[in-house]
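Me: Hey, can you walk me through this one? I'm new to it.
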Amino acid sequence: LTIRTKLVGFAFWTCPKENNGKCCLEFLLIDEPDRSKGYGKILMDDFVQWADANRPHILIQIPSKDERCKHFYTKYGFKPKNPADTAELVNWERAV
């Protein structure tokens with residue numbers, strides 16, 4: 001995502017055919033000084049719109065202790081695959 005010629009963030013996902021129609025959001029990164037300005041929402045809205053039309057089951061991994069991250073993805077319908085998981089990175093998913 002570029003704002004006024006400055007790269008502020010990017011999203012990267014994979015959708016391998018052998019993954020049973022599931023997409024994996026590998027990265028959604030926003031430069032720290034540009035966070036809380038709605039740029040992550042812009043990237044996520046675009047990705048979710050594409051995924052809903054093409055591969056509606058999305059997998060992500062998020063830090064188990066990052067409440068801000070959990071809140072962000074919960075707004076998009078993501079839920080932990082295993083709510084009892086206490087690993088450093090936990091798997092979340094969203095299926096339409």
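Me: Where is Ser36 found?
Reply: Ser36 sits in the loop between β4 and α1. Strands here are DSSP runs of E with at least two residues, and helices are runs of H or I with at least four, numbered from the N terminus. This is a predicted model, where local features need pLDDT of at least 70, side-chain atom pairs count only at pLDDT 80 or more, and totals for chains, interfaces and linings use all residues. Residues are numbered from 1 along each chain as its sequence is written, and side-chain values use heavy atoms, leaving out hydrogens and water.

Me: Ok, and what is the phi of Ser36?
Reply: Ser36 has a positive phi of about 65°, although it is not a glycine. Most residues other than glycine have a negative phi.

Me: Is Ser36 buried or exposed?
Reply: Ser36 is exposed, at a relative accessible area of 66% (exposed is over 50%, buried under 20%, partly exposed in between, with a 1.4 Å probe and protein chains only).

Me: What about Thr5, where is that found?
Reply: Thr5 lies in the loop between β1 (2–3) and β2 (6–7). Thr5 is not a glycine, yet has a positive phi of about 70°.

Me: And why does Thr5 count as exposed?
Reply: Because its relative accessibility is 80%.

Me: New topic: which element gives the most to the lining of the largest pocket?
Reply: That's β4, with seven residues. β4 (22–30), α1 (39–54), β5 (57–63) and α2 (67–74) each supply at least two. By class, the lining has 15 nonpolar, six polar and nine charged residues (nonpolar: Ala, Val, Leu, Ile, Met, Phe, Trp, Tyr, Cys and Pro; charged: Asp, Glu, Lys and Arg; polar: the others, Gly among them).

Me: What counts as a pocket?
Reply: On a 1 Å grid over the protein atoms alone, a pocket is an open set of points where a 1.4 Å probe fits, with protein on both sides within 12 Å along at least five of seven lines; lining residues have an atom within 4 Å of a point.
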